[in-house]
Amino acid sequence: TQRSLQLIVNVLPGLQHAHFCFVDLGSSARKEQLLKTDLDNLIIYEKGDEELKQSLINAAAGVNEFLAGCGFSFCQAGTMAHLPSMCLNQEEWNSRIREWIYSPDPKALLNSTIYFDLRHIYGREELVSGLKENIIDNIRKQTSFLNYLAKNAVENPPPISFFNQFIVETSGEHKNEFDIKKRAIMPLVDAGRLFALEHYYYNSVSTLDRFRYISQQESKNKAIFEEAVHGFEFLLKMRARTGLQHGDDGRYVDIGSFDNIEKKIFKEIFHIIRELQKIIQIRFQLDFFR
């Protein structure tokens, strides 16, 4: 991404001295993007007219086309920097972030889980740092937002049935397979993001770094946060292995292909998810929050 931007910026007029930043979002920003993943990115620019914006959109289109040629997929949800809604100036991004935090409807919360995980790739790093500061500043002022984010984080319970069996897909192309992203990885990602924002931690958006940091801040829950680190590393490894075997993103796995030790580790991870969600439930008083 950096190299393609270097090449494109050098040939497009008006961009060599423009104050802008190309930013990765979601799993790529968290450095958890592995195989056959899609593109999630945006552009922040300091200020400028429509001509500058169009030049930045053209640059982003060239970058994303290049990445698509390398095997990455276009984002079906449209979170890509070559779209006008994803190429905004600093003031516009700050306004959008503030709106999500002060009006946390389901769409705003979904946006938060994507846009709050961001990482500088190219350009003026102070622009993305300023956006992070804006997020934290608004959360400090609107503390109830974390309750909404917490409620969202516990909506995906541990994927184990009453009979201690894995909950798998019941129909469709992936029938009888286990969705490791939705049912195991994302509950940990959501919990890590929530606790990090509660501590106003934004040095890294990596789920592993978030849990490592939180474990140093909370002695009472240190053990469970450390277990979350090990569990998350295991999940990433299993997803990567499955993806390499099947030539896909590794999202759907065949539980029957795991040995007994791997199945045992999975169930231990589900216990970790359950404990984290209990902490969230109590800390953010979700039984009383509607």
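These exercises explore charged residues in a predicted model.

Residues are numbered from 1 along each chain as its sequence is written, and side-chain values use heavy atoms, with hydrogens and water left out. Local features need pLDDT of at least 70, side-chain atom pairs count only at pLDDT 80 or more, and totals for chains, interfaces and linings use all residues.

**Exercise 1. Find what joins arginine 193 to aspartate 117, and state whether each is buried or exposed.**

Step 1. Apply the salt-bridge rule: a side-chain nitrogen of Lys or Arg within 4 Å of a carboxyl oxygen of Asp or Glu. The structure holds 18 such bridges.

Step 2. Check the pair. Arginine 193 and aspartate 117 form a salt bridge, at 2.9 Å from N to O.

Step 3. Arginine 193 sits in helix H8 (residues 180–198), and aspartate 117 in the loop between helix H5 (106–115) and strand S4 (118–123). They are 76 residues apart, so the pair links distant parts of the chain. Helices (H or I, at least four residues) and strands (E, at least two) are DSSP runs, numbered from the N terminus.

Step 4. Classify burial. Buried means under 20% relative accessible area, exposed over 50%, partly exposed in between (1.4 Å probe, protein chains only). Arginine 193 is buried because its value is 2%. Aspartate 117 is buried at 0%.

**Exercise 2. Locate the partners in the salt bridge of arginine 283 and glutamate 218.**

Step 1. Take the distance: 2.6 Å, N to O.

Step 2. Arginine 283 lies in helix H11 (residues 260–283). Glutamate 218 lies in the loop between helix H9 (207–217) and helix H10 (222–246). The pair therefore ties together parts 65 residues apart in sequence.

Step 3. Arginine 283 is partly exposed at 29%, while glutamate 218 is buried at 10%.

**Exercise 3. Work out how many residues separate glutamate 268 and lysine 264.**

Step 1. Their salt bridge has its closest N and O atoms 2.8 Å apart.

Step 2. Both lie in helix H11, 4 residues apart, about one turn of the helix.

Step 3. Lysine 264 counts as exposed because its relative accessible area is 52%. Glutamate 268, at 40%, is partly exposed.

Step 4. Now look at a network. Salt bridges that share partners join Arg30, Glu32, Asp117, Asp190, Arg193 and Arg210.
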